[in-house]
Amino acid sequence: MLVRKRGVLRSWVVALCAIVWGALVIGGCSEESRYQVLSFFFEGVPKPGEKTQWQQVVHEPRRPPGPKATATPVAVAAIPKPKYPPGWLPALLKTVPHDAAGYPDMVAAFKEKKIDPMPGVEEDHVVPKPKKVVDLDITLIAKGKTKCSFSHQIHTTWVTCKSCHQVPFKMTTGEKLSMDDCAMCHEKIAFPIKGECARCHPAMKKKAAKEPPKEKLLEGEIKLARAKSSDANSMGIPPATFPHLAHRVNYRCYACHNQIFPMKEDDKKPITMENITNGKSCGVCHNGRIAFAGDDLGTCSRCHY
């Protein structure tokens, strides 16, 4: 074993001496001699006086590259356009006919198919069928300048018989009617009585509007009743405001009246957030599926303003 180690050590010493000797010989030789020695062992040694020019060596791949793989297109979920983008209602109002006072004429808009209010909330992709329309005109005032008739066809397109009978109108002949009875809807939601006499009394002349439409009446806004015990009173949160116009162009009146809300203000019960969260009153639709959720804190200002 000792003899083998000595043999290996002797070989390394001889190789080292040969390398040192070769370096001394090359260093002490002329450029011509150095070129002959180096070119014998290595390729690409520059000749005496020739400048070294390095070139990039490109190694060919052992296998030809395969065809480039085409990236599989990834299906990107299309972002649905909002059904009611900002400013949709003013844009719609520009397209519907208006009366002489400047208020939107919903009856004319419906006949011209500018709007198509649904008779109820869509459930499981099924829209309820419209209720029967009563084609009956009743003469209220037979003669004179104030001659007037009541069109059931126009009204029952939007409301049902129970919406008006027995409150404010009884189902009896010879009943004395008052303008205040009609004002349950008119002057608040439908076109105002004042200045629009010719719409019910055709013998009267139409008068040009003296004042522009009132904003609240144009939108059909009403303040909703709130329970006196509500914490919102002490927190300074204003009562919720309901805009009829935004809802009326999408739903007929009987979609809510009298199934959810009574027509008569005296019969109204205060609306609470607890009821809305439990799917009652406004929560029938404002549940995050049909319309924005009523208990969504990010939408408070849409009703309380």
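## Close-up views

**View 1. Thr299 lies in the segment that follows helix 11 (273–277).** Helices (H or I, at least four residues) and strands (E, at least two) are DSSP runs, numbered from the N terminus. You are looking at a predicted model, in which local features need pLDDT of at least 70 and side-chain atom pairs count only at pLDDT 80 or more, while totals for chains, interfaces and linings use all residues. Residues are numbered from 1 along each chain as its sequence is written, and side-chain values use heavy atoms, with hydrogens and water left out. Thr299 counts as buried because its relative accessibility is 10%; buried means under 20% relative accessible area, exposed means over 50%, and partly exposed falls in between (1.4 Å probe, protein chains only). Setting aside neighbours within four places in sequence, Thr299 has contacts with Phe292 and Ala293, where contact means heavy atoms within 4.5 Å.

**View 2. Asp99, Asp105, Glu196 and Arg199 join in a network of salt bridges.** Side chains of opposite charge can pair when their charged atoms come close. A salt bridge here is a side-chain nitrogen of Lys or Arg within 4 Å of a carboxyl oxygen of Asp or Glu, and the count by this rule comes to three. Start with Arg199 and Asp99, whose closest N and O atoms are 2.9 Å apart. Arg199 sits in the loop between helix 7 (179–182) and helix 8 (215–219) and Asp99 in the loop between helix 3 (88–93) and helix 4 (106–111), so this pair ties together parts that are 100 residues apart in sequence. Next, Asp105 pairs with Arg199, with 3.3 Å between the closest N and O atoms. Asp105 is in the loop between helix 3 and helix 4 and Arg199 in the loop between helix 7 and helix 8, so the two tie together parts 94 residues apart in sequence. Glu196 also meets Arg199 in a salt bridge, at 4.0 Å from N to O.

View 3. Asp99 is buried at 11%, Asp105 is buried at 16%, and Glu196 is buried with a relative accessible area of 6%.

**View 4. The largest nonpolar core holds 14 residues.** Such a core is a set of buried Ala, Val, Leu, Ile, Met, Phe, Trp, Tyr and Cys residues joined through side-chain atoms within 4.5 Å. Leu89, Val96, Met106, Ile115, Leu245 and Val249 have the most contacts inside this core. Helix 3, helix 4 and helix 10 (244–248) each give two or more residues to the core, and helix 3 supplies the largest share, three residues. Domain 2 (97–218) and domain 3 (219–302) both contribute residues, so the core lies between them; the domain bounds come from an automatic or database domain assignment. Not counting residues up to four places away in sequence, Met106 touches Ile115, Trp158, Leu245, Arg248 and Val249. A second, separate core has six residues, including Leu224, Phe242, Ile276 and Cys282.

**View 5. Ile141 has its place in strand 1 (residues 137–141).** Ile141 counts as partly exposed, at 32% relative accessibility.
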